[in-house]
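Dear colleague,

Please find below the structure that I am handing over to you, together with its sequence. My notes on helix packing and charged pairs follow.

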Amino acid sequence: MDKNLKIVFLDRITAGPIELKERFSKYGEYIEYEDTDTDQIVERISDADVVITNRIKLRKEHFEKADKLKLVLITATGFNHIDIEGGNEKGIKTANVSDYSTNSVAQLAITYLLNALTPITEYSKEVKNNKWLDITIPEFQSYPINDAEGKILGIVGFGNIGKKVAAVAETLGMKVMVAKIPGRKYDENNSKNTHETRYELDEVLEKCDILTLHTPLTELTRDLINLERMKKMKKSSIILNLARGPVINQEDLYFALKNKIIKSAAIDVTSVEPIEKDSKLFELENLLITLHIAWKSEKSLTRLMDEVENNLKMFLEGKLEGLK
């Protein structure tokens, strides 16, 4: 095993409290930076053999100034922020990690869903404002409680996370409709299992009470949910985004929520992360925003770093194919 590597983690802050120094120092010199600005990238990777990153954008011009760099380890599934082709041209392999956070992402999706139907955060605020009696009278309808049973859940993106969300939703008595992504080919013969039946996106939008997004960001899914498509939805419908921010056109989402084209939304991802300090989204009472936390359960982080280390081992053994 090569113990002379220089390994640099560019955005250690994304990994939470999990211990990493002992784990990666076995392979050589390990340096971690809490975060890295764009103008610091070249300096920090210039003599690195391995770069670890969660969300730092690495482009061809960065790779061209990192002569020793052999491997980029992504502490995430998505890799649209890495110039894979530019790295491959320089002989630099890139590896990501899949399926490490299925349970935690599905858990937040269900949390969003249940909070939308039973708005406990709003009730808690009212109780703390000494309005217990006000909110128990029959006439108080500001925060109606809706049953999940009988509601239609539309799912866009039906990998492991989408399947897990569907399974939980069905135990709550919901009907699940899995949407086709326009432009993607599907095997129409593979429909023995209800979960493998795909509906046209427009049909899902028109019928669903809640739409939850779990698709990767690709050219087919960028701005997939725009104003035109939100106008097809019921005015009482709710959108949940636990995929990537640009899967929803953020300007259109703001307009749709502001003008009550849809009832509400809950998002764990935004078009720019961290979200802008003066974002218009903060004006909206019918929008819940969290800070891309769905994947950050303790179990998920441990599983993630186990797989990142395994990718490093595979590379050192000459068994890592890398992303293409």
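Predicted model: local features only at pLDDT ≥ 70, side-chain atom pairs only at ≥ 80, totals over all residues.

Helix α5 spans residues 102-117 and helix α8 spans residues 160-171; their axes come within 9 Å and cross at roughly 45°. An angle under 35 degrees would count as roughly parallel, and one of 65 to 115 as roughly perpendicular; α5 is therefore oblique to α8. The crossing of α5 with α8 is right-handed.

**Salt bridges**

Side chains of opposite charge can pair when their charged atoms come close. The structure contains 19 salt bridges, and I describe some of them here.

The pair of Glu32 and Arg12 forms a salt bridge in which the closest N and O atoms are 3.2 Å apart. This pair links distant parts of the chain, the two residues being 20 residues apart. Glu32 belongs to strand β2 (residues 28-32), whereas Arg12 sits in the loop between β1 (5-9) and α1 (21-25). Are these two side chains buried or exposed? Arg12 has a relative accessible area of 10% and is therefore buried, while Glu32, at 32% relative accessibility, counts as partly exposed. The cut-off that applies to Arg12 is 20%, under which a residue is called buried.

Two further salt bridges each lie within a single helix. In helix α6 (residues 120-128), Glu122 and Lys125 are 3 residues apart, about one turn of the helix. Their side chains meet in a salt bridge with an N to O distance of 3.9 Å. Glu122 has a relative accessibility of 22% and so counts as partly exposed.

In helix α9 (residues 201-207), Glu203 and Lys207 are 4 residues apart, again about one turn of the helix. The salt bridge between their side chains has an N to O distance of 2.9 Å. Both partners are partly exposed: Glu203 has a relative accessibility of 27%, and Lys207 has a relative accessible area of 39%.

Finally, which residues are linked in a network of salt bridges? They are Arg23, Lys26, Asp306 and Glu309.

With kind regards

How values were computed
Residues numbered from 1 in each chain as written. Heavy atoms only, no water. Axes fitted to C-alpha atoms, helices over the stretch in contact; angles between N-to-C directions. Parallel < 35°, antiparallel > 145°, perpendicular 65-115°, else oblique. Left-handed = near helix turned anticlockwise from the far one by under 90°. Salt bridge = Lys/Arg side-chain N within 4 Å of Asp/Glu carboxyl O. Buried < 20%, exposed > 50% of the residue type's maximum accessible area, 1.4 Å probe, protein only.
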